[in-house]
Amino acid sequence: MSGGSGKAASRFLRTTGQHATIEPDAFTDGSFVLTIGGAEQSHVNLDRPSEIFYEYLRRIGHLVDLAAPPGEPIRALHLGAGALTLARYIQATRPGSIQYAVELERELLDFVLRHLPIPEGTDLTTIIGDAREALGTLAPDLTFDVLILDIFSGPEAPAHIATSGFYREARERLRPDGLLIVNVGDEAALTLVRSQVAAMREAMGDVGAFAEAGMFEGRYPGNIILAGTQGPWPEAWTAELTARGPHPARVLAGVDLDPFSG
């Protein structure tokens with residue numbers, strides 16, 4: 001095992017008043033699960049960080065793969081750190097990348113870094129604070145190839161972030177061909193997904209949605225990944241992402257996404 005104690009660890013999070021736990025994955029050697037308030041939040045494979053267990057995170061990883069030529073270092077900003085699964089993935093697949101991670105819970109970030117250390121050589125700057133406020137504290141000329149927002153979960157999304165104004169501020173932090181990736185965890189009615197598609201369309205050049213095919217039928221809760229591009233949605237991405245899965249996968253963009261806008 002390349003890291004981790006092999007035993008369960010727990011930490012109280014003062015900001016949310018919940019307990020976080022990191023424990024070994026009984027089914028995968030070298031892997032650990034982060035649980036917050038009794039709900040699984042992240043899965044990390046310390047031995048093979050390029051392998052992502054959670055379906056929605058694999059879909060985000062596929063989008064990151066398409067954001068630049070394979071293996072090319074990128075500059076990435078993570079709003080919502082979790083167990084830094086995606087930061088580890090980017091370092092494994094794009095060595096030399098420069099990454100920033102913003103997390104509201106100071107105790108959570110300290111807890112994760114202590115028990116699930118970041119691979120040696122990772123260029124990661126961590127920032128404690130609110131996601132939107134953090135955008136304004138970064139150096140004015142600091143821009144990113146990929147900006148990943150992973151803090152939405154159900155209808156209780158932070159109101160100051162779930163807006164077109166926030167997405168405009170995020171776009172200003174992207175390079176000309178940079179990609180905005182937003183994970184939206186929602187209930188079956190997909191109310192939050194619809195509002196975020198509309199908000200992102202006001203701020204970005206175009207928007208695509210990527211998820212398990214049945215999610216778009218609005219019959220059960222789950223995750224839909226929204227991807228905002230600076231220009232038109234690359235048509236080739238639709239076939240590429242669908243083929244990559246996890247299956248069954250579906251990508252909606254353009255007029256196909258119109259029913260989910262507003």
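Which strand gives the largest share of the lining of the largest cavity? Keep that in mind as you read; point 1 has the reply.

1. It is strand 4, with 3 residues of the lining. Please remember that you are looking at a predicted model.

2. The search of the whole structure turns up 1 cavity of 30 Å³ or more. The space inside the largest cavity is about 50 Å³. Its lining is made up of His43, Val44, Asn45, Pro49, Glu51, Ile52, Phe53, Thr85 and Arg88.

3. Now turn to strand 6 (residues 98-103). Buried here means under 20% relative accessible area. Because 5 of its 6 residues are buried, strand 6 is largely enclosed by the rest of the structure.

4. On one side, look for strand 5 (residues 75-79), which pairs with strand 6 in the parallel sense over 5 bridges. Within this pair, Ile98 of strand 6 has Arg75 opposite. To get from strand 5 to strand 6, the chain passes through helix 2 (residues 85-93), making a right-handed β-α-β crossover.

5. Strand 6 also runs parallel to strand 7 (residues 123-128), and 6 bridges join them. Here you can find Val102 opposite Ile127 of strand 7. The link from strand 6 to strand 7 goes through helix 3 (residues 106-115), and this β-α-β crossover is right-handed too.

Terms used. Residues are numbered from 1 along each chain as its sequence is written. This is a predicted model: local features need pLDDT of at least 70, side-chain atom pairs count only at pLDDT 80 or more; totals for chains, interfaces and linings use all residues. Side-chain values use heavy atoms; hydrogens and water are left out. Buried means under 20% relative accessible area, exposed over 50%, partly exposed in between (1.4 Å probe, protein chains only). Helices (H or I, at least four residues) and strands (E, at least two) are DSSP runs, numbered from the N terminus. Two strands pair if DSSP finds at least two bridges between them. A crossover is right-handed if, with the strands pointing away from the viewer, the path from the first strand over the helix to the second runs clockwise. On a 1 Å grid over the protein atoms alone, a cavity is a set of points where a 1.4 Å probe fits but cannot get out, and a pocket is an open set with protein on both sides within 12 Å along at least five of seven lines; lining residues have an atom within 4 Å of a point. Grid points are joined across faces, edges and corners, and a volume is the space filled by probe spheres set on the points.
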